[in-house]
Amino acid sequence: MPLVPAIEIQNLVKTYDGSPAVDGLSLAVAGGEIVGLVGPNGAGKTTTLRCLAGILPPTSGRIAIAGHDLAADPVEARRQLAFVPDEPRLFESLTVADHLKVVARIYGVLDGPERSRELLAQFDLADRANAFPAELSRGMKQKLMIAAALLHRPAALVLDEPLTGLDPGAIRRMKRTLLEQAASGTAVLVSSHLLALVQEICGRVVIVQRGRTVLAGTLSEIRAALPDLGADADLEEIFLRATEGPLAPAAAAGTPREDAESGG
Amino acid sequence: MNGGLVELALLTFRGRIVRRLRLLREPRYLLASLAGVAYFLFFLGRQLGSWHGSRPERALPQELTAILPWMGGLGIACVTTLLWAFSSSKPALRLSEAEIHFLLPAPLSRRQVLAYALWKQQVGILTGALVVAFLRGAGPPGQRLSRFFATWALFTLLDLHGKGVSLWKARLAEIPAAQARRQGAAAVTILAAFWALLGWSLLRVVREVRGGAGGSAIDLDALRQIAAAAVAGLPGRLLTPFAWISRPLFGDLAGGWVALYLLLLLAVHSEWVLRSRGRFEEASLERARRQLERGRRRAGGLRPLRPSTLRSRGRQPFALPPAGRPELAIFWKNLTLGSRLPLRWRAAALAVPPVVLLAVLLASGAPEVLLATLSGICLGSFLMVPPLCGLFLRHDLRADLRELETLRPWPIAGWRLLAAELLAPATTALALLGSTYGLVLAAGVASAILGGEGRHRGLSDIFGGGGAGATGPLTLLVCGYGSLLVVGMAVALLSIAIQNLAILLLPAWLGTAPRGRRGAAVTGQRLLVFLGHVLTLAAGLVVPALLVGVVLLVQWGGMGIAPTVAEGPLLALLVALPVLAEVALLVRLGGARWDRLDPSREILDREE
């Protein structure tokens, strides 16, 4: 029996005033996998992630989190998901500890206090537990957002530009955290412009442009689909080729986009 | 001013207009704009009517007209002194964060940036002057134009003077201490000398007039003489430079000389500011950041984070258990928006005034005037707070909507989230109503203990309790006022629910924008939202009113039994239950709307 992917997007379409921001995008992330979603500005990455988090209603298409359809069973689907937006969205009147307390209660985390202490220590926020967001740097706010996201041990973790504002040490810790999350069986979908990071931690990469998938697969699969780039082409070269240069017809073949269109 | 800066100002202005016009393509913005324009035209039309003599300006006594410019001059002298005394030594120009980040590193001279900031300020000053000159007061067009010029010149002068002083103070911090001390001392000496001389000369005038009148008490006639002597003497001469600024405000241009004087003063002030050398960059950036933060919090209906909140970070409204219904966490979170004081402390704080009042009344014999005042306050609260609390208690979904990206992925059904959001403002409304009820209860108990018959009637009369004499004062207090409390709470909940549903239907109208918004469309939106709120509330009260009407009709008309205050709780329930059912319906509707809400344009990526 095939395993149910923790994140499943099928033919997602999202239009604004009739113009599509996401145009028939499909992807799936299995538990324990880290997938990178990359694309130029305005490619539809944030819209995709917002649809996935239930923030924006899709125009059409299906989204499922851990087997729960987001449209039919939104509460259960959201319970399995954690979303970290590109800008830290914190409540001004809650301290760092308060944020974790409220989130634990909302997600029904039974070991909330212990888990909070653990995460505060992990993200170097223990000594800032009583600080208000106004007293935190952007990086600290971002760390708090991530700690709150991990609090309920989600089956699917979706991060939009998670490393913005973090110092080198925090970036390294964040990378370790994402790898640990994947190792513990969480499906991780991360959108980032830091292609070196994506190449380093992601098992698969999805390159989107104008709301569509232009390339997808493991780095070696993508390299094989673009033979003229060479066997040692890094993600940056692939990305620029896929989004700026002419894409060989062979390269587009076999991508999930094609699969989705053929009903796969 | 630099050509690029002129272009920036013009393009910014054009962009603002274009963005507003684009919004008109949406029918609801068009409707709001029409309502706003109609509102402005209504008031403008009324004012324009007075131009044609339908509302002639009331003539003031000649003696008063003669001294008004000097009184105005004295006021301007006071404001100027206050500017010197209290204006900040960290001058913050009114520039946006974007302007600061683009203009300060640009190859522009300090003078050019300062000139840009001063010109930008003119938009607000001109609007203010226009409002004062054309929408306030009466008079023919010429007089209004003169008032407009005078108001504009006064506002600009004060603005320039404030900036000049502030920049001068900033400069003092940058120059050698001894030199700064000398300059500071010189300014203080001049100000002190001016006021000492003015005070001394005024005292001398008063003594002379009183001496001439045989030292009798100062009456209106003596005041007239003092004013005339002061204007003619040294005080008048000292105040002349200031009085000349205020003269055109009273329609006196002195053949154009005053206008020339004002323009000269403006030129000198402008040059003073432009030539200043005090640093303004850091303070301006800090100001822009604070403005943005304040705007964001205001949009969410929140006050700026106060030092008291920061101090009370260890406190919490109540101990939130780690597990249980998520609604309680949302309620807890929203309570912290107003204050972090524990709920029991807040309840105790609300109980103190009634207890103190009871003690005072018992000790003083319950003065009639105090009881009447309390009854008035209570009646006002019972009438005003419930229907309007939805408009001013905003620590609910309206505050949370800006953090939608955090809120929306929460695993909680829309209607449960909305119900939870209503709890915090409902608690505050209950506290407001409860505190006034406590005061009246204290007054009633004191009155009952002291046994003053007349006082009981005084209270009951306010609420039309004709049968109070028969039922007794405590019955009236518990049944009558208690019933009003129940009805008031139900109406308050309905009021809050309407506003929370309204922001889901019209998020852009109820303000989730980071900046304070202005313009005809915004005025129209506010007007329509208020009207919609009142109408929806009125519609919501139709069913309960009909129910009460039918019961009273059957009881009184059919059975001939006169209603009594003791029936209050029953009638209150008859009102409250249908209202609560309506609240539940609104919560369900709002929840369904929340589940389907597409926040992309109006909340997440909105332009304004």
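**Close-up views of a predicted two-chain model**

Helix α1 (residues 45-52) of chain A lies across β1, β2 and β4 of chain A and runs at about 120° to β1(A). This is a predicted model, in which local features need pLDDT of at least 70, side-chain atom pairs count only at pLDDT 80 or more, and totals for chains, interfaces and linings use all residues. Residues are numbered from 1 along each chain as its sequence is written, chains are lettered from A and ligands numbered from 1 in the order in which they are written, and side-chain values use heavy atoms, with hydrogens and water left out.

**View 1. The four-stranded sheet of chain A.** The open sheet under this title has the strand order β2-β1-β4-β5 (chain A), with antiparallel pairing. Helices (H or I, at least four residues) and strands (E, at least two) are DSSP runs, numbered from the N terminus; two strands pair if DSSP finds at least two bridges between them. At the edges are β2 (19-29) and β5 (68-69) of chain A, each pairing on one side only. Strand β1 (residues 7-16) and strand β4 (residues 60-65) of chain A run antiparallel and are joined by five bridges. Val13(A) has Ser60(A) in β4(A) as its bridge partner.

**View 2. The six-stranded sheet of chain A.** This open sheet has mixed pairing and the order β6-β7-β8-β3-β9-β10 (chain A). β6 (81-84) and β10 (212-217) of chain A each have a single partner strand, so one side of each is left without a neighbour in the sheet. From one strand to the next the twist averages 15°. Helix α5 (residues 138-150) of chain A packs on the sheet and touches β6 and β7 (156-160) of chain A; the direction of α5 makes about 175° with that of β6(A). Contact means heavy atoms within 4.5 Å. Strand β9 (residues 204-209) of chain A pairs with β10(A) in the antiparallel sense over five bridges, and Val205(A) has Gly217(A) in β10(A) as its bridge partner.

**View 3. Helices α15 and α18 of chain B.** Helix α15 (residues 368-392) and helix α18 (residues 414-450) of chain B pack at about 165°, with their axes 9 Å apart. Axes are lines fitted to C-alpha atoms, for helices over the stretch in contact, and angles run from 0 to 180 degrees between N-to-C directions. The angle makes α15(B) roughly antiparallel to α18(B) (over 145 degrees; under 35 counts as roughly parallel, 65 to 115 as roughly perpendicular and the rest as oblique). Residues in the contact include Leu371(B) and Phe382(B) of α15(B) and Leu432(B) and Tyr437(B) of α18(B). By class, this contact of α15(B) with α18(B) has 16 nonpolar, three polar and no charged residues. Here Ala, Val, Leu, Ile, Met, Phe, Trp, Tyr, Cys and Pro count as nonpolar, Asp, Glu, Lys and Arg as charged, and the others, Gly among them, as polar.

**View 4. Helices α6 and α10 of chain B.** Helix α6 (residues 141-172) and helix α10 (residues 257-275) of chain B pack at an angle of about 25°, their axes 9 Å apart. They are therefore roughly parallel to each other. Among the residues that meet are Trp152(B) and His161(B) in α6(B) and Leu262(B) and Trp272(B) in α10(B). The contact of α6(B) with α10(B) has 14 nonpolar, five polar and one charged residues by class.

**View 5. The interface of chains A and B.** Here 43 residues of chain B are in contact with 36 residues of chain A. The two chains bury about 3700 Å² between them, 58% of it on carbon and sulfur atoms. Buried area is the accessible area (1.4 Å probe) that two parts lose on being put together, summed over both. In chain B, Arg313(B), Glu405(B) and Pro411(B) lose the most area to chain A, together 21% of what that side buries.
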